[in-house]
Amino acid sequence: MKKLESSLTNMLLVLTLVSVVAAFLLAYVNNVTSSTIAKINEEALSSGIKSVLGIGADEQIETNEKPVDAFVVYEVTRDGNWIGTAVKSTDKSGFGGDIEVLVGFDAKGNILGYEVLKHAETPGLGARAGEWFRTATVGETKEVSAVSKIFFGKPDPAGSHNIVGRNIGNEGELKVSKDGGDIDAITASTITSRAFLNAVNNAYKVYKGNVSDVNSGATSQQ
Amino acid sequence: MNNWKVFFNGLVKENPTFVLLLGMCPTLGTTSSALNGMSMGLATTFVLICSNIVIALLKNLIPDKVRIPAYIVVIASFVTLLQMLMQAYLPSLYASLGLFIPLIVVNCIILGRAEAFAAKNTAIPSLFDGLGMGLGFTWALTLLGAVRELLGTGAVFGLTILPSSTNMLAFVLAPGAFIVLGYLIAIVNKIKK
């Protein structure tokens with residue numbers, strides 16, 4: 001078969017045809033996969049909620065979802081009794097963009113647990129936020145040369161970086177030690193740590209209902 | 001040229017990463033671990049094979065002057081398809097690679113092979129070219145990812161091999177990607193001679 005000539009009609013016809021076929025194919029696959037994708041996202045969220053509230057994966061719970069500005073509050077009940085609240089909070093100032101965190105609180109406002117839902121932080125550095133802020137492991141402090149800092153990174157600092165069990169209401173906002181707080185930032189990832197703690201602090205404010213001072217100009221919808 | 005020759009051409013002789021130096025963005029961006037490198041390679045292989053076959057079949061129907069937009073539509077459709085399928089059936093892989101999947105559209109290996117091979121050959125050799133180039137890309141990315149992961153975090157495919165005191169964080173970051181790539185290209189070229 002000879003190649004089609006590049007006349008205006010041919011070009012218009014072929015490009016339109018190719019695009020229409022592509023559109024139909026994509027619409028069909030989207031139709032097939034969208035329900036599965038929605039189900040997977042739902043399951044990921046519900047297992048995240050159970051994990052941050054310390055509930056076993058098999059237990060039956062009811063979740064009442066309530067959006068508050070850019071946050072989402074999940075009030076969790078079992079057999080009609082309230083057992084905890086999880087707040088989904090996003091901070092835009094991460095090193096690689098948005099950091100989305102789910103934080104669980106008990107009745108006194110203690111942090112029961114957290115889960116990093118979405119992030120684009122550097123692997124090996126900021127990406128450790130998912131584990132770092134719940135481990136109480138105390139690192140060792142030793143002096144290292146500038147060259148070895150570049151190649152090996154600084155050794156993890158001595159001190160605590162566990163936020164589970166902390167109460168922002170009684171103890172004030174969580175801050176990294178560089179900013180005068182008592183939480184050790186992830187080694188070589190202060191920006192990630194700040195963004196993460198900011199998201200957690202905001203989650204607490206939303207939990208307490210003080211939404212107005214979370215984001216500039218944002219107001220509570222209740 | 002027979003099909004196997006086409007296949008091995010992409011795998012070794014004209015390896016897209018080490019010899020043609022095509023598609024450097026995903027090469028450097030996704031290889032922070034061996035698994036990420038391999039997954040990116042396989043995802044690209046899938047798109048490459050599909051787009052090569054379709055373009056080889058359609059080449060006479062597409063007028064020369066609009067061939068690039070037509071090819072891009074074909075490639076972008078397969079990438080979107082792959083993205084939806086991965087999101088639905090391989091959610092954990094999608095979570096770690098999601099950011100890079102749409103970028104396969106602009107990976108110059110794919111448009112490059114469409115122009116250089118599929119537009120001049122029939123469907124079967126084009127399939128072998130896509131397979132060879134794709135797997136060539138895959139092993140290169142896996143090797144690069146494995147070296148960076150080993151030097152940076154002491155593990156390969158998540159299995160810890162070296163103690164954490166030998167970890168060199170620089171290799172997980174962008175500068176390490178360039179350093180490792182440079183050495184690997186030098187080694188591969190030495191062996192090929």
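**The strands of chain A, and beyond**

Modeller: Ala86(A) stands opposite Gly104(A) in strand 4 of chain A. This is a predicted model: local features need pLDDT of at least 70, side-chain atom pairs count only at pLDDT 80 or more, and totals for chains, interfaces and linings use all residues. Residues are numbered from 1 along each chain as its sequence is written, while chains are lettered from A and ligands numbered from 1 in the order in which they are written.

Strand 3 of chain A and strand 4 (residues 97-105) of chain A pair in the antiparallel sense over eight bridges. Pairing requires at least two bridges found by DSSP between the strands. Strands (E, at least two residues) and helices (H or I, at least four) are DSSP runs, numbered from the N terminus. Two residues separate strand 3 and strand 4 of chain A in their hairpin.

Now the other neighbour. Strand 2 (residues 71-78) of chain A runs antiparallel to strand 3 (residues 81-94) of chain A, joined by seven bridges. Here Thr77(A) has Trp82(A), in strand 3 of chain A, as its bridge partner. Strand 2 and strand 3 of chain A also form a hairpin with two residues between them. Asp79(A) sits in that turn, with a positive phi of about 50 degrees. In a regular strand, side chains alternate between the two faces of the sheet.

Next, the packing. The largest nonpolar core has 58 residues, and Val47(B), Val74(B), Phe78(B) and Leu82(B) have the most contacts inside it. Such a core is a set of buried Ala, Val, Leu, Ile, Met, Phe, Trp, Tyr and Cys residues joined through C-beta atoms within 7 Å. Buried means 20 or more other C-beta atoms within 10 Å of a residue's own, exposed 12 or fewer, partly exposed in between; C-beta atoms are placed from the backbone. Helix 7 of chain B gives this core its largest share, 13 residues. A second, separate core of 38 residues includes Val68(A), Ala127(A), Leu174(A) and Ala195(A).

Finally, the interface. 31 residues of chain A are in contact with 30 residues of chain B; contact means C-beta atoms, placed from the backbone, within 7 Å. On the side of chain B that touches chain A, helix 4 of chain B gives the most, with eleven residues. That side divides into 19 nonpolar, nine polar and two charged residues. Ala, Val, Leu, Ile, Met, Phe, Trp, Tyr, Cys and Pro count as nonpolar, Asp, Glu, Lys and Arg as charged, and the others, Gly among them, as polar.

Methods. Two residues are in contact if their C-beta atoms, placed from the backbone, lie within 7 Å.
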